[in-house]
Amino acid sequence: MRKRLIVSAAAGALALLLTVPASAAQAGPGAAGIGDPYYPYAGNGGYDVSHYDIRLKYQPATDELEGTTTILATATQDLSRFNLDFVLQVKEVLVNGRAAKFATSGDQELEITPARTIAKGSPVTVVVRYADKPGEVERGGFSGWIRTPDGGVVANEPEGSAWWYPSNDHPTDKATFDVSVLVPNGTQVISNGPLTTSQRPGWTRYNYRQTKPQATYLATLAVGKFDLRQDTTPSGLPVITAYSPDLGVNAGAAQASVERTGELVDWLSGVFGPYPFDSVGGYVPNVTTGYALETQGQIFYSPAQFARGANTSVVVHELAHQWYGDSVSVQRWSEIWLNEGFARYAQWLWSEHENEGTAQELADFTYDLHPADDPFWSIEPGDPGADHQFAGAVYDRGAIAIQALRNAVGDDRFFAILKGWPAERKYGNATIQQFQAYAERVSGKPLGELFNTWLYTPAKPPVGSSGVAAAPAAGAGLAAGAAPGARTEPKSWKKIQETNTVHEHGR
Ligand code: TRP
Ligand code: ZN
């Protein structure tokens, strides 16, 4: 591009040169990744998405998915070409109404070359038409589309969206969503936000609308048979819950936990401030995975989470993410403590509320449980590495760090921070460094040493650091006949551990 303009100038075509926008000279391809050190190919460069309109038709019997996703974006540079993250078979791409060339590269890159260069700052409309059997598409032995006996589910972190819609797949590019799915009558669809449905002979269309900014991995889709219930909380918030009819012995425990969503979101609002989204809910499909995921406003639970009876602790964990993770999202995946440390700490607060062990007792117990040579302490929750992003230490040592903060600033300032931060960064992205600066501002205390000790040191901090695991008052918290230093297991301990399945099996 630049070369041709120079030639024109040399030819004396000055008038022509002046009519060409100077910026077109720098047009180039958008980067294949957004620049996340843990996942170099996650997201893309050169544009910013404001809205996804995802229109699908799915046949559970054959796993046939047909889709049209329309993306509204703005170019952030002059673009000759740009990428989307997607793994399904593409039939056609239009950019601003014109057919565009497309090709694939790497694991998940869809490279789009529009007919015309897009100028920085201008709106871009991308239409991608596709058809595939998503349950059969694998990358490195992994499929983001989980087939179930009666349909399929997508709920994954850090990435899963490429198995059902093309996107700029990174938490820093949030957007609003419309998800509309046509399925044979008798099949239900779950996605994010309030629901409306419409009928046509033999088919039902489910329309979900997410009006608040949403990170791509927090968009979820489930198609299958569900007992779908709609209600409202006393404050008027729509609540959607859904259960596969195939949950067997887990059915009662799953419902006894997830049906408490409205009550638990009210309790958490007292701790974290107003609930940030237009609806809340949870669904339990007939999958064999072990984990739960904080999909925005509509949480994904595996039946395995309820295999040992009801577990409100996991519901509290995933609901806490609606503030810590969903409304306020990580700026880079290395900042994952901002999600998991706080969601785990919310479980500790729930335990404290239920008189099943205080957060301090849980912190002390966790501290004592892992001897100094346990690899648990070699992981820095503040920068665990891509391979350990969801390691137990990010959650458990991460929650100790929050108890340490509570001890350092006192309960009044501490709870002001817990509630103030989600308001400060509502619908945005953040780093741990920014959280530390905020906590220092609210508390008036320098916290560098505390953050270093608990988040950025690959070793067990000394006994008593920040008031964690200091010698208990005579007898208090010590199991009868236990070795000195051994503590009674808090009553909530096992239920909290049951929410950990993902640490061993997460991708
Ligand atoms: N964020 C999830 C939680 O703790 C855990 C998780 C990590 C996960 N990776 C995942 C869940 C992949 C599902 C799939 O609540
Ligand atoms: Zn979590």
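Modeller: Around ligand 1 there are 14 residues, and the closest are Glu157, Glu294, Glu318, Glu340 and Tyr395; a residue counts as near a molecule if one of its heavy atoms lies within 4 Å of it. Please note that this is a predicted model, in which local features need pLDDT of at least 70 and side-chain atom pairs count only at pLDDT 80 or more, while totals for chains, interfaces and linings use all residues. Residues are numbered from 1 along each chain as its sequence is written, chains are lettered from A and ligands numbered from 1 in the order in which they are written, and side-chain values use heavy atoms, with hydrogens and water left out.

Several side chains place polar atoms beside ligand 1. A polar contact is a pair of N or O atoms within 3.5 Å; within protein, one must be able to donate a hydrogen and the other to accept it, and residues adjacent in sequence count only if both atoms are side-chain atoms. Tyr395 has a polar side-chain atom 2.6 Å from an oxygen atom of ligand 1. For Glu318, an N or O atom of the side chain is 2.8 Å from an oxygen atom of the ligand, and for His317 the distance from a polar side-chain atom to a ligand oxygen is 3.3 Å.

His317 also belongs to the metal site. The zinc ion, ligand 2, is coordinated at 1.9 to 2.0 Å by His317 (NE2), His321 (NE2) and Glu340 (OE). Donors here are N, O and S atoms within 2.8 Å of the metal (3.2 Å for Na, K and Ca); water is not among the atoms, so sites may look incomplete. Along the chain, the donors of the zinc ion follow the spacing H-x3-H-x18-E. Because His317 and His321 are 4 residues apart in helix H5 (residues 312–323), about one helical turn separates them. Helices (H or I, at least four residues) and strands (E, at least two) are DSSP runs, numbered from the N terminus. Both His317 and His321 are buried, a word that means under 20% relative accessible area, with exposed over 50% and partly exposed in between (1.4 Å probe, protein chains only).

Pro158 is placed in the loop between strand S11 (151–154) and strand S12 (175–184).

UniProt, in an unreviewed entry, places the feature "domain: Peptidase M1 membrane alanine aminopeptidase" at residues 308–454; its positions are given in the numbering used here, feature names are shortened, and annotations may be inferred rather than shown by experiment. Over residues 308–454 the chain is 62% helix and 3% strand, with its end C-alpha atoms 32 Å apart.

The largest nonpolar core has 72 residues, and those with the most contacts inside it are Phe272, Tyr301, Trp337, Trp348, Phe435 and Trp454. Such a core is a set of buried Ala, Val, Leu, Ile, Met, Phe, Trp, Tyr and Cys residues joined through side-chain atoms within 4.5 Å. Its largest share, 9 residues, comes from helix H6 (residues 337–353). Apart from this core lies another, of 60 residues, among them Ala73, Val179, Ala242 and Leu293.
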